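Have a look at the fold first, then read on.

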Amino acid sequence: GKAWYAYYLKKWVDIKASPDTTFHFGLSEIERVKSKMKDLQQQSGMDSSSFLEYISQDRFFYNNVDDIQKAFQTTKDRISKRVGSLFPFADKVKDVNIALGTNKAMAKAPGYYMNGTFYYNFTDSSFNKRNINWLYLHEAIPGHHFQMTIEKTLARSAIQDMFEYYGFIEGYAAYVEELGYELGAHQNIYDELGKWEWDIIRSVRVPMDVGLNYYDWSDEKALEFWQQHIKGKDDIARREIARMKRWPAQVITYKYGANKILNWKRQSKLEKDFDVKKFHGSILAYGSLPFSILEKLVIPKD
């Protein structure tokens, strides 16, 4: 019921999260991401229909595993040259492996991280090149592999070891996707577009999750909401609807957590001595914590 869902929001996302505010946050993120995508289309010099036709051409897709593997390795090499200038603790992070995913339970996701290896999934006849950079950033370095490796080096209390905070874990990994240019991952607007193409899915999921689990939406109403904002991906919509009903509030962690860190960053930039490397250090130095606690450490009050 509704009380359980309100509890799950606090458990998985943030103690300050409520169904109504989360729903409206999701609506605002949908508009933000649409604006980003529209800006890239305008930068291309094409109208919307020509742009959509262009990015659907074969040139934007890989058809074999060797090419995908090489592309991820190229992105890894570019990022490795810059990550130390933006993030501390790089010397503590061992190399990440890259491999084709074989876990059938994880086959529907674009990729996943497990035990020192970033796995990408290639189950169809083609692989969108625009998924290379954001996916590596999220799952590998400076995303999950980077954060989780550092966390293992930290002194954590017995209470901390009892819990994992997915609002932080997934939110942090989604946040680092915003650094594609600074980290040398993105080489053009189409690389950046890939980040927003998946981010619109994450954004639409936020109101859908609240709608399904709190506002008593039917599956059909949720699908109609999806179709208002995303065209031609109803198979993903149905998969995500089932996921939201099975694991309430979890899909919200990505967007909510990334937004928290982005807001802290904007606030910290107002200080004259702002240093992005120190800022990232303050985010990573304590391991995964609830945002209500971490905020007091990242943005100390006078």
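Predicted model: local features only at pLDDT ≥ 70, side-chain atom pairs only at ≥ 80, totals over all residues.

**Helices α4 and α6**
- The axes of α4 (residues 65-80) and α6 (residues 132-139) come within 10 Å, crossing at roughly 60°.
- That angle makes the two helices, α4 and α6, oblique to each other.
- The crossing of α4 with α6 is right-handed.
- On the α4 side, I68, A71, F72, T75, K76, R78 and I79 make the contact, while α6 brings I132, N133, L135, Y136 and L137.
- Sorted by type, the residues of this α4–α6 contact are eight nonpolar, two polar and two charged.

**Helices α12 and α13**
- Here the axes of α12 (residues 252-268) and α13 (residues 276-284) come within 11 Å and cross at roughly 140°.
- α12 and α13 are therefore oblique to each other.
- α12 and α13 cross in a right-handed sense.
- I261, W264, K265 and S268 of α12 meet V276, F279 and I283 of α13.
- That α12–α13 contact splits into five nonpolar residues, one polar and one charged.

**S288 in its loop**
- S288 sits in the loop between α13 and α14 (291-298).
- With a relative accessible area of 2%, S288 counts as buried.
- Leaving aside neighbours within four places in sequence, S288 is in contact with Q147, E151, R156, E164, Y165, F168 and I169.

Definitions and conventions
Residues numbered from 1 in each chain as written. Heavy atoms only, no water. Axes fitted to C-alpha atoms, helices over the stretch in contact; angles between N-to-C directions. Helix = DSSP H or I, 4+ residues; strand = E, 2+ residues; numbered from the N terminus. Parallel < 35°, antiparallel > 145°, perpendicular 65-115°, else oblique. Left-handed = near helix turned anticlockwise from the far one by under 90°. Contact = heavy atoms within 4.5 Å. Nonpolar A, V, L, I, M, F, W, Y, C, P; charged D, E, K, R; others polar. Buried < 20%, exposed > 50% of the residue type's maximum accessible area, 1.4 Å probe, protein only.
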